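Morning, everyone. Please have the model up on your screens.

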Amino acid sequence: MSIDTILSREELLDRVGNDIDFLHELADLFAEGYPELLQKIEQAIQQKNRELLENTAHELKGVVGNFCAPRAMLAAQKMQVNGKNADFIVAETDLNSLTKTIKSVELALKKLIEEYTSQNN
């Protein structure tokens, strides 16, 4: 899957002022932080905690929104709706897809940063 199917490259680079070092810092923070959010979502599903699921999915949606990742935003939004509706059966099914989508954002960010770093060296 290409970077441009996961991230809106132009929008993202514009958002960070074409500062690849800054994007790299943000991407590192994302890579460090999203596993905990996914873990909280999984915990919320197991505990059937509607509020935790909705709120954590909302937080994750905002995080991936910062990276102009529309598919990941939609996956997180779907999980947020699962929480709002207390639909834990669907949420459990959607968790694998959400996890893969979020990981693809991490990989696309790495590839984008590598691409721009190698062009400027």
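This is a predicted model: local features need pLDDT of at least 70, side-chain atom pairs count only at pLDDT 80 or more; totals for chains, interfaces and linings use all residues.

You'll find K48 in the loop between α3 and α4. Look at its backbone too. Phi of K48 is near 55°, which is a positive value in a residue other than glycine. Most residues other than glycine have a negative phi.

There is another case like that. Phi of A86 is also positive, near 55°, and A86 is not a glycine. A86 sits in the loop between α5 and α6. This one counts as partly exposed, with 38% relative accessibility.

Now the helices. Two packed helices are described by the angle between their axes and the distance between the axes.

Take α3 and α4. α3 covers residues 20–47, and α4 covers residues 50–65. Their axes come within 9 Å and cross at roughly 155°. So α3 is roughly antiparallel to α4, given that angles over 145 degrees count that way. The crossing of α3 and α4 is left-handed. Who makes the contact? On the α3 side, it is F30, Y34, L37, L38, K40, I41, Q43, A44 and I45. On the α4 side, it is L52, L53, T56, A57, E59, L60, V63 and V64. What kinds of residue are these? The contact of α3 with α4 divides into 13 nonpolar, two polar and two charged residues.

Next, α4 and α5. Here the axes are 7 Å apart, and the packing angle is about 165°. That makes α4 roughly antiparallel to α5. This crossing, of α4 and α5, is left-handed. From α4 we have R50, L53, E54, A57, H58, L60, K61, V64 and G65. They meet A72, M73, A76, Q77, M79, Q80, N82, G83 and K84 in α5. The residues of this contact divide into eight nonpolar, six polar and four charged.

Stay with α4 for a moment. How far apart are its end C-alpha atoms? They are 22 Å apart. At 1.5 Å a residue, the 16 residues of α4 should span 22 Å, so the two agree. Which residues of α4 are buried? They are L53, E54, T56, A57, L60, K61, V64 and G65. Note the spacing as you look at them. An α-helix has 3.6 residues a turn, so residues three or four places apart point the same way. What covers those buried residues includes α2, α3, α5 and α6.

Zoom in on V64, in helix α4. V64 counts as buried, at 0% relative accessibility. Leaving aside neighbours within four places in sequence, V64 is in contact with F30, A69, A72, M73 and I102. V64 and F30 are 34 residues apart along the chain, yet their C-alpha atoms are separated by 8.5 Å.

Move on to F67, in the loop between α4 and α5. What does F67 touch, not counting residues up to four places away in sequence? The list is L7, L12, L23, L26, A27, F30 and L109. F30 is on the contact list of V64 as well. Also look at S8: it is 59 residues from F67 along the chain, and the C-alpha atoms of the two are separated by 7.9 Å.

Last pair: α5, residues 70–84, and α6, residues 88–119. Their axes come within 9 Å and cross at roughly 155°. That makes α5 roughly antiparallel to α6. The crossing of α5 and α6 is left-handed. α5 brings R71, A72, A75, A76, K78, M79 and N82 to the contact. α6 brings V90, A91, D94, L95, L98, T101, I102 and V105. The residues of this contact divide into ten nonpolar, two polar and three charged.

One of the charged residues deserves a look. D94 lies in helix α6. Is D94 buried or exposed? D94 is buried, with a relative accessible area of 13%. Not counting residues up to four places away in sequence, D94 touches K78, M79 and N82.

That's the tour. Questions, please.

Notes
Residues are numbered from 1 along each chain as its sequence is written. Side-chain values use heavy atoms; hydrogens and water are left out. Axes are lines fitted to C-alpha atoms, for helices over the stretch in contact, and angles run from 0 to 180 degrees between N-to-C directions. Helices (H or I, at least four residues) and strands (E, at least two) are DSSP runs, numbered from the N terminus. Angles under 35 degrees count as roughly parallel, over 145 as roughly antiparallel, 65 to 115 as roughly perpendicular and the rest as oblique. A crossing is left-handed if the near helix is turned anticlockwise from the far one by less than a right angle, and right-handed if clockwise. Contact means heavy atoms within 4.5 Å. Ala, Val, Leu, Ile, Met, Phe, Trp, Tyr, Cys and Pro count as nonpolar, Asp, Glu, Lys and Arg as charged, and the others, Gly among them, as polar. The expected span of a helix is 1.5 Å times one less than its number of residues. Buried means under 20% relative accessible area, exposed over 50%, partly exposed in between (1.4 Å probe, protein chains only).
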